[in-house]
Each structure stands twice: as C-alpha cells, then as structure tokens.
Amino acid sequence: MTHFFPRSAPPTLLLSLSRHEDYTPLTSEEVSRAVAYSSNTSTPGPDHILYSVWKPLHYLKSSFLPSLLDPLQAYGCHPPSLKIALGVILNKPGKPSYDSPSSFWVIVLLRTLSKILERVVSSRPSAQDLTCSLMHPLQCGSLPGRSTSNAALVLQDHVESFHHLRNKVSTLVLDMKGGFDNVEAATLLSLLRRKGVSPYLVQWISSFLWNCTCCLIFQGSPLTFAPISGGVPQGSPISPLLFVIYVASLNSDIPRILSISYVDDFAITITCPSYRTNIRLLQMALSRLMRKVSWFIITFSIPKTELIHWRTLRGNEAPCHLPGTPR
C-alpha cells in the first residue's frame with residue numbers, strides 16, 4: 001500500500017449545508033452520454049454492478065440517475081460508499097525479479113455508479129473551461145479533440161520547419177514515475193481556488209479525494225480495506241483532468257524550446273546549429289524541470305528516457321552518437 005499509494009497530507013474537507021448557487025442542475029442527456037460512453041465489458045468495482053445494469057435502468061427511467069447524482073454535485077459531496085475501490089496487482093512482464101513492489105502495477109477498480117458521475121463532471125462545460133484555462137496549450141491529452149496525433153503533428157511541423165533552416169533538431173522524451181499517485185490534494189485544491197474555480201466544483205473535488213479506501217487483490221492477499229491519503233485514482237475518468245491541471249506549470253515557455261506533453265509524458269525539443277549544443281541546452285532544460293518536479297514530489301523514470309536526433313532523409317551528415325546525460 002505504501003508503494004502504490006504514497007502517503008501525503010489529506011485535503012481539508014469543505015462542507016456545505018446548502019445547495020451552491022453557481023451549480024447548474026444535472027440533465028438526463030448528460031447522464032445518457034456518460035452511460036453510453038461506458039463499456040459493458042469493463043470490470044466492476046467492489047459492488048460487482050456492471051454498466052449493463054445501469055444502461056437499461058436509465059433507458060426505462062431516465063430521471064432516476066440524474067435525481068440520484070444531482071444532489072451530490074449540488075452540495076459538493078462524494079460519499080464514502082462510492083470511494084471504496086479494489087486494487088488488482090498485476091506482474092510487469094519481462095522483469096528479472098519479482099521481489100520488489102516496483103515489478104508490479106496496480107489497476108484500481110471503482111464502483112461504476114461513481115465513474116458515471118465522474119465522467120459527467122469531467123465532460124461538463126465548467127470542467128472543460130477550467131481545464132482549457134489552466135492547461136498548457138501544448139498539453140495534448142485529457143480533452144476532447146486532443147490526442148497523440150496532435151502532439152505528433154506539432155512535433156513534425158517544428159522539426160521540418162527548422163530542418164529547412166539547416167538547423168539540427170533534438171528531442172528529449174520523459175516519462176513521469178508514479179505521477180497520479182503523487183498528486184498532493186491540498187496543493188491541487190489551493191491551485192483551483194486561486195484560479196477562481198466554481199466553489200461547488202472545488203468542494204466536490206475535495207470530497208472526491210478525501211477518505212478513500214482500497215483493498216489490494218493478489219495471490220494470498222487478505223481482503224482488508226485500508227485508507228488512502230494521497231494521489232488521484234488512476235481508474236477514474238476525472239483523474240487525468242486533475243493531473244494535467246496539477247502539472248501544467250511544468251511545461252516550459254522558453255525561447256527555442258518546444259515543450260509538448262500528453263498527460264504524464266513530456267517531450268522537450270530544441271534546435272541549434274549543432275547536436276552538441278542541443279545536448280547542452282537539453283541538459284540545462286532538464287535540470288530546470290527536475291528542480292520544478294521536486295516541489296511536486298514527482299520524479300522521471302530514467303530507463304524510459306530517450307534522446308532523439310532528427311535527420312532528414314536526404315541528409316548527408318553522419319549519425320550523432322553523443323550521449324545525453326542529465327546533470
């Protein structure tokens with residue numbers, strides 16, 4: 001539990017005894033879209049209720065789910081009964097040894113009713129406007145219409161443009177290590193409040209991240225639920241949105257450096273007359289980025305780090321074998 005869910009200070013739970021005036025009531029159309037997007041083959045959480053139960057129920061009585069979920073949003077409350085999860089432990093393939101927790105990963109299974117509400121919240125205009133205003137323009141994940149294709153096209157255009165200027169182009173690809181698990185809820189909520197996010201949404205997120213419990217499932221494990229006091233659940237539809245808001249400041253707005261990210265994957269691209277200069281500047285950019293992530297208690301996975309030197313198909317220069325070592 002300590003490895004997969006690092007301990008951190010729990011968020012301060014914000015309580016309200018009245019409906020928020022800035023809240024827009026939930027509609028059956030919003031719930032219909034969330035239910036339609038859910039897969040019947042998804043593994044359910046500890047209640048074992050499949051989406052195939054909620055879909056015909058919503059079809060027969062379209063007002064039932066909205067009447068059940070609307071008060072939770074209006075009062076900014078996510079009840080503890082919806083925050084009980086199962087953590088299925090799976091082996092990472094190809095590991096030389098399985099004596100360490102780092103050789104495994106965890107898949108968090110949440111209650112399907114909770115995920116329907118989370119999907120509704122993440123698709124509401126208030127959440128989309130929030131994410132657009134807080135995310136870096138070149139964050140290419142967790143929003144409709146943004147994908148890996150967008151990131152690839154931006155990078156391709158940048159590389160080709162500078163190749164026309166006879167410059168050398170290099171990219172450093174980074175992968176965050178345990179990003180979702182290391183989100184500090186108190187820091188995230190403070191950021192949302194400073195940015196003027198709707199009080200009902202801040203309160204609901206506070207409730208969503210507070211007092212969560214999980215039971216790890218693996219061979220020989222006891223069926224014991226334990227509290228989780230940090231991070232955002234990886235299986236939640238709204239967690240990617242919260243995470244990209246949390247790390248938005250890591251994207252660099254530095255001249256001659258293109259910083260693209262896709263949720264927890266970062267790519268830093270730089271162009272100069274020589275590969276050696278590119279490497280030196282990338283090392284400096286990486287050092288600045290490492291200092292930033294230290295404030296977020298986040299690290300990058302060194303084995304997954306890649307350095308790419310881009311060459312043209314007609315280029316006659318010799319391949320670059322210069323090492324790129326973080327300083």
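Predicted model: local features only at pLDDT ≥ 70, side-chain atom pairs only at ≥ 80, totals over all residues.
Biologist: Thanks! Is Asp 175 buried or exposed?

Modeller: Asp 175 belongs to strand 3, residues 168-177; strands (E, at least two residues) and helices (H or I, at least four) are DSSP runs numbered from the N terminus. Buried means under 20% relative accessible area, exposed over 50% and partly exposed in between, with a 1.4 Å probe and protein chains only. Asp 175 has a relative accessibility of 15%, so Asp 175 counts as buried.

Biologist: Which residues does Asp 175 touch, leaving out those up to four places away in sequence?

Modeller: Contact here means heavy atoms within 4.5 Å. With that cut-off, the residues that Asp 175 touches are Asp 264, Asp 265, Thr 299, Phe 300, Ser 301 and Lys 304.

Biologist: Let's follow Lys 304. What separation do the C-alpha atoms of Lys 304 and Asp 175 have?

Modeller: Lys 304 sits in the loop between strand 8 (299-300) and strand 9 (306-310). Lys 304 is exposed, with a relative accessible area of 53%, and beyond its neighbours within four places in sequence, Lys 304 is in contact with Val 173 and Asp 175. Along the chain, Lys 304 and Asp 175 are 129 residues apart, yet their C-alpha atoms are separated by 6.3 Å.

Biologist: How many bridges join strand 3 to strand 7?

Modeller: Two strands pair if DSSP finds at least two bridges between them. Strand 3 and strand 7 run antiparallel, and the number of bridges joining them is 8.

Biologist: And which residue takes a positive phi in the hairpin of strand 6 and strand 7?

Modeller: Strand 6 (residues 257-262) pairs with strand 7 in the antiparallel sense over 6 bridges, and Ile 257 stands opposite Ile 270 in strand 7. Strand 7 (residues 265-272) is mostly covered, with 7 of its 8 residues buried. The hairpin has 2 residues between the strands, and the one with a positive phi near 60 degrees is Val 263.

Biologist: On to the rings. Why does the pair of Tyr 23 and Tyr 200 count as edge-to-face?

Modeller: Rings of Phe, Tyr and Trp (its six-membered ring) pair if their centres lie within 6.5 Å; planes under 30 degrees apart count as stacked, over 60 as edge-to-face and the rest as tilted. The count by this rule is 5 aromatic pairs. In the pair of Tyr 23 and Tyr 200, the centres are 5.1 Å apart and the planes stand at 70 degrees, so the pair is edge-to-face.

Biologist: How many residues apart in sequence are the parts that this pair ties together?

Modeller: Both Tyr 23 and Tyr 200 are buried. Tyr 23 lies in the segment before helix 1 (28-37) and Tyr 200 in helix 8 (residues 199-209), so the pair ties together parts whose separation in sequence is 177 residues.

Biologist: What angle lies between the planes of Trp 204 and Phe 208?

Modeller: Trp 204 and Phe 208 both lie in helix 8, 4 residues apart, about one turn of the helix. Trp 204 counts as buried at 0% relative accessibility, and Phe 208 is buried at 3%. Their aromatic pair is stacked, at 5.2 Å centre to centre, and the angle between the planes is 10 degrees.

Biologist: Which element supplies the largest share of the lining of the largest cavity?

Modeller: On a 1 Å grid over the protein atoms alone, a cavity is a set of points where a 1.4 Å probe fits but cannot get out, and lining residues have an atom within 4 Å of a point. The largest cavity has a volume of about 210 Å³ and is lined by 19 residues, with Leu 110, Cys 212, Ile 228, Val 232 and Pro 233 nearest its centre; a volume is the space filled by probe spheres set on the points, which are joined across faces, edges and corners. The largest share of that lining, 3 residues, comes from strand 4.

How values were computed
Residues numbered from 1 in each chain as written. Heavy atoms only, no water. 1 Å grid on protein atoms, 1.4 Å probe; cavity = no way out; pocket = protein on both sides within 12 Å on 5 of 7 lines; lining within 4 Å.
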